[in-house]
Amino acid sequence: MKLSKQDILKALENITVPGEGQNMIESGAVKNVITFGDEVIVDITIKNPSLQAKKRTEVDILKTIHEQVYEKAKITVNVKVEAPAKPKANVIKGNPIPGIKNIVAVASGKGGVGKSTVTANLAVTLAKMGFKVGILDADIYGPSIPIMFDVEAEKPLAVNIDGKSKMKPIENYGVKVLSIGFFTQPNQAVVWRGPMAAKALNQMIFDAHWGELDFLLLDLPPGTGDIHLSIMQSLPITGAVVVSTPQNIALADARKGVAMFQQESINVPVLGIIENMAYFTPEELPDNKYFIFGKEGAKNLAEDLEISFLGELPLVQSIREAGDVGRPAALQTATPLEKAFEKLTQNVVQEVVRRNDDLPATEAIKITTMAGCSAVKK
C-alpha cells in the first residue's frame, strides 16, 4: 500500500504533545514526514526532556498511524528533545563530581523491599563486568551497605589530594563504598534533624576522593523526603531506579517514588522499576513458583507509568544469607542468581546508555523558593 503524507499529517492532529496541550501539527512539533510505499518516517521535536515523554511520543505516533492509516505501515520515529531554558532567578544548583560519569539513584517508596540488597548486587555485578563502581550509602538513619560488603569495622582514611584532605572510600569486591555507618558505633542511633543529615551527606559526596568512576550508585532511604531533596539538589543524577515488591501496599509507595522523580521541579529521568521478591521456588521443587507477594505487580506498574521494567528477582534464602555475611549473592558463579543479576544489570546499563543518547546532560535540580514543599500529584 502506498501511504499518503496528508493522511499521516491528519492522523497526527489527534495526538497531543506531552506537556504542551496542543496537537503535534498545530504546535509545529512535527518537522518532517516522508512516505515511500508502506514506509513512513516522522521527524518530531518536543520540549519535555523526560525519558517518559519521549517514549510516549513514539508509542502514540506508532499506535495512531497503525490504527487510523494503515495497520501494517513500517514506521520510523525520530524524536529530538529541545528543552526550554530554565529561569535563573532564586535557584540553588549543585556541582558535578569530577571523574564520575553516571550517578544512579536506587530508591523505593517503602522500606523493607530489598533496595539496599539490590544496590549491593548491582554494584558488584557492574564491577564484574569491568566498570569502575562506587556506592554512597545515603540511608543516614539505617545504613546497611557496610554490613553487606563486610566492611562495617573499617574506617575511611584521609588522603591528600591537590593540597586538600579527602576521605578515601573503603573498597571491597571492586566497589568503593562510603557510608555514615563508618563513623558511628554499631549500637549508636543517628538522631539528626534534616539539615545535619544533609551536611553529613555533602561531606561524603564532595569531601571524598572517589577517583574515576563509571557508576556511582546512591542507596537512598525509603520514602520521598528531605534526604532525597538534599541529594538531588547537590548532585546531577543521571537517572533513578525504583525497587518494589509485587504487593499492592509496596506498589502504592513505589508509584509515589516515581512521581517524586518526575515532579517538574526535580525532573530526574526514571530508568525503570525492579521487582524484588517476585516469586519463591523451593529448592526441592525447582519447577514450582509461588507468588507470595502477588504476581507481576511491579511489571504492571511500569507499563501503567510508561517506564521500563528492568527485571525481577526471586525470593531466595541465599540472597538474604549472602547479604548478612557481607558477600553479595551476585558474586556466586554459575548460578541462576548470578544470571538474574547479570540480566538485571545489563538492562540498567542499557537504560543509562539510552538516557544519555536521548536526553540532554543532567544538572542538579534547581530548587526555587518553596519548591518541593507540596504533595506530588500523579
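Which residue forms a salt bridge with glutamate 351? I looked it up, and the partner is arginine 354, with the closest N and O atoms 3.1 Å apart. For the record, I count a salt bridge when a side-chain nitrogen of Lys or Arg is within 4 Å of a carboxyl oxygen of Asp or Glu.

Ground rules first. This is a predicted model, so I keep local features at pLDDT of at least 70 and side-chain atom pairs at pLDDT 80 or more, while totals for chains, interfaces and linings use all residues. Residues are numbered from 1 along each chain as its sequence is written, and side-chain values use heavy atoms, with hydrogens and water left out.

**Entry: glutamate 351**

I placed glutamate 351 and arginine 354 in helix 10 (residues 336-358), three residues apart, about one helical turn. My helices are DSSP runs (H or I, at least four residues), numbered from the N terminus. Salt bridges with shared partners join Lys55, Glu351 and Arg354 into one network.

Buried or exposed, I asked of glutamate 351? Glutamate 351 is buried, at 6% relative accessibility. Arginine 354, at 31%, is partly exposed. My cut-offs for relative accessible area are under 20% for buried, over 50% for exposed and partly exposed in between, using a 1.4 Å probe and protein chains only.

Next I listed what glutamate 351 touches, leaving out residues up to four places away in sequence: Leu51, Lys55, Leu271, Ser308 and Leu310. Contact here means heavy atoms within 4.5 Å.

**Entry: aspartate 60**

I then checked aspartate 60, whose side chain meets that of arginine 56 in a salt bridge (3.5 Å, N to O). Both belong to helix 2 (residues 51-68), where four residues, about one helical turn, separate them. Aspartate 60 comes out partly exposed, with a relative accessible area of 22%. Arginine 56 is partly exposed too, at 32%.

I noted arginine 320 as partly exposed, at 48% relative accessibility.

**Entry: the tally**

Last, I wanted the count: how many salt bridges does a search of the whole structure find? The search turns up eleven.

Terms used. Helix = DSSP H or I, 4+ residues; strand = E, 2+ residues; numbered from the N terminus.
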